[in-house]
Amino acid sequence: MTSPVELAIAGNSDVVIVRQQVRTSAQQVGLSLVDQTKLVTAASELARNALTYAGGGRVLIEVVSNGLRDGLRLTFTDEGPGISDLDQALTDGWSTGGGLGLGLSGSRRLVDEFDLHSKVGEGTRVTVVKWAR
């Protein structure tokens, strides 16, 4: 097992670095090319959200195992304004930033496990897991 990797998300170049590290880690854990692409896409969306809505944040990339298979867990954290209505934020097409409104809901569909916690005025934590098949 590889050691966890923590990366800062403070600019557009960091989003690229997150994508590259997630791809490398997904290959190492044995995710298929399709699942690698899904996880990298979700990671890109979540990193971009942290940058756009919170001014930046961090991601922790960890290899995990459930005893039957290995996977990759990504935990995105920020200290931004938080999300006041989680249900609305997870609704396709809803956006406060003028985008397509598919970042959170789309990311949730691309991974096997999705957990979102947010507190107004304190920030947001999104944890996703993708398992090798």
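## How H2 and H4 run

In this predicted model, the axes of helix H2 (residues 33–54) and helix H4 (residues 103–110) cross at roughly 155°. Angles over 145 degrees count as roughly antiparallel, so H2 and H4 are roughly antiparallel to each other. Their axes come within 9 Å, and H2 passes H4 in a left-handed crossing.

Which residues in H2 meet H4? They are Lys38, Thr41, Ala42, Glu45, Leu46 and Asn49, and their partners in H4 are Gly103, Leu104, Ser107 and Leu110. The residues of this contact of H2 with H4 divide into four nonpolar, four polar and two charged.

## The sheet

Now turn to the strands. Five of them form an open sheet in the order S1-S2-S3-S5-S4, with antiparallel pairing. At the edges you will find strand S1 (5–9) and strand S4 (113–119), each of which pairs on one side only. From one strand to the next, the twist averages 15°.

S4 pairs with strand S5 (residues 123–131) in the antiparallel sense, over seven bridges. Look for Phe114, which stands opposite Val128 in S5.

## Helices against the sheet

H2 packs on the sheet and touches S1, strand S3 (70–78) and S5. The direction of H2 makes about 10° with that of S3. H4 lies across S4 and S5, running at about 150° to S4.

## A look at Leu33

Note on methods
Residues are numbered from 1 along each chain as its sequence is written. This is a predicted model: local features need pLDDT of at least 70, side-chain atom pairs count only at pLDDT 80 or more; totals for chains, interfaces and linings use all residues. Side-chain values use heavy atoms; hydrogens and water are left out. Axes are lines fitted to C-alpha atoms, for helices over the stretch in contact, and angles run from 0 to 180 degrees between N-to-C directions. Helices (H or I, at least four residues) and strands (E, at least two) are DSSP runs, numbered from the N terminus. Angles under 35 degrees count as roughly parallel, over 145 as roughly antiparallel, 65 to 115 as roughly perpendicular and the rest as oblique. A crossing is left-handed if the near helix is turned anticlockwise from the far one by less than a right angle, and right-handed if clockwise. Contact means heavy atoms within 4.5 Å. Ala, Val, Leu, Ile, Met, Phe, Trp, Tyr, Cys and Pro count as nonpolar, Asp, Glu, Lys and Arg as charged, and the others, Gly among them, as polar. Two strands pair if DSSP finds at least two bridges between them.
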